[in-house]
Amino acid sequence: MKQKNALYILPNLFTTANMLSGFYSIIKSYQGDYLSAAWLLVLAVLFDNLDGKIARLTHCESKFGVEYDSLSDLVSFGVAPAFLMYTFALSDMGRIGIIAASLFLLTGALRLARFNVITTKTIDFVGLPIPGGAIIISSIIMSILHFNIDYKAYKVFFLVSVYVISFLMVSTIKYRSFKKVKLEGKISIRFFVLILLILSLVIYKPYVFVPLIGITYALSGPIELIIKLFKKRRFNHELQDSKNI
């Protein structure tokens with residue numbers, strides 16, 4: 001029984017680490033240390049991934065864990081990146097900057113609430129997951145600071161990025177979750193090699209590949225949707241042609 005209680009606490013410890021990373025990121029943004037603030041959001045994403053995997057692995061999933069995880073996500077991937085983006089690039093834009101940062105927080109909260117109440121058992125995510133939105137914002141800021149890019153010339157880019165990410169989070173576009181990847185046979189080996197390759201690239205040049213992976217994932221949903229619509233349209237045309245013969 002004690003062992004079961006210990007296992008029950010373990011995923012919640014990672015959820016707590018996720019929330020504290022987000023809170024510390026807010027402090028760093030307030031202090032003007034934007035690079036540390038952005039890295040703390042990446043750390044929060046890692047903790048967020050681990051808590052769910054550990055809960056499933058130890059069979060300790062619970063309603064409490066789901067609710068606690070959502071509250072932590074709202075702090076780490078809603079409040080913290082919105083505050084980071086606002087203090088880094090949007091504060092000089094007046095009301096429109098406040099509206100953009102608020103929109104990110106609001107759509108992130110709506111995305112989390114929808115995820116908790118959705119009843120359809122689907123493998124994929126509906127809408128861009130809020131950690132995905134946070135990782136895109138943090139990785140863009142990391143790259144700008146690392147390569148000493150004059151971000152003031154790209155404020156409109158920040159503004160448009162926030163609106164696009166906000167729309168993707170509350171959209172009904174499907175995103176792959178990778179939760180149901182098989183852990184046996186050839187697929188597991190390929191997946192393992194893919195993970196090693198991605199980790200190697202991230203470690204080799206994090207300021208290039210972290211934003212690249214984030215943006216690629218954000219675009220993957222709309223691209224898959226376009227491909228499906230194209231295939232459906234072609235199928236309907238072929239069906240219509242066969243009826244006309």
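Modeller: One term before we start: helices (H or I, at least four residues) and strands (E, at least two) are DSSP runs, numbered from the N terminus. This is a predicted model: local features need pLDDT of at least 70, side-chain atom pairs count only at pLDDT 80 or more, and totals for chains, interfaces and linings use all residues. Residues are numbered from 1 along each chain as its sequence is written, and side-chain values use heavy atoms, with hydrogens and water left out.

Biologist: How many helices and strands does the protein have?
Modeller: There are 8 helices and 2 strands. Their order along the sequence is α-α-α-α-β-α-α-β-α-α.

Biologist: What does the C-alpha trace span?
Modeller: About 70 × 60 × 35 Å along the principal axes.

Biologist: Which residues have the most contacts inside the largest nonpolar core?
Modeller: Leu-90, Leu-128 and Phe-158, in a core of 42 residues. Such a core is a set of buried Ala, Val, Leu, Ile, Met, Phe, Trp, Tyr and Cys residues joined through side-chain atoms within 4.5 Å. Buried means under 20% relative accessible area, exposed over 50%, partly exposed in between (1.4 Å probe, protein chains only).

Biologist: And which helix gives the largest share of this core?
Modeller: Helix 5, with 9 residues.

Biologist: Tell me about helix 5. How far does it reach?
Modeller: Helix 5 has 17 residues and reaches 24 Å from first C-alpha to last. That is close to the 24 Å expected at 1.5 Å a residue; the expected span is 1.5 Å times one less than the number of residues. Of its 17 residues, 15 are buried, so helix 5 is largely enclosed by the rest of the structure.

Biologist: What follows helix 5?
Modeller: Asn-148, with a positive phi near 55 degrees.

Biologist: Back to Leu-128. What does it touch?
Modeller: Its partners include Arg-111, Ile-136, Leu-168, Tyr-175 and Tyr-217, leaving out residues up to four places away in sequence. Contact here means heavy atoms within 4.5 Å.

Biologist: New topic: is Ser-70 buried or exposed?
Modeller: Ser-70 is buried, at a relative accessible area of 11%. It lies in helix 3. Ser-70 touches Leu-112 and Asn-116, again not counting residues up to four places away in sequence.

Biologist: Which residues does UniProt list as "transmembrane region"?
Modeller: Its unreviewed entry lists several stretches, including 96-113 and 210-230. UniProt positions are in the numbering used here, feature names are shortened, and annotations may be inferred rather than shown by experiment. In the model, residues 96-113 are 100% helix, with end C-alpha atoms 25 Å apart. Residues 210-230 are also 100% helix, with ends 30 Å apart.
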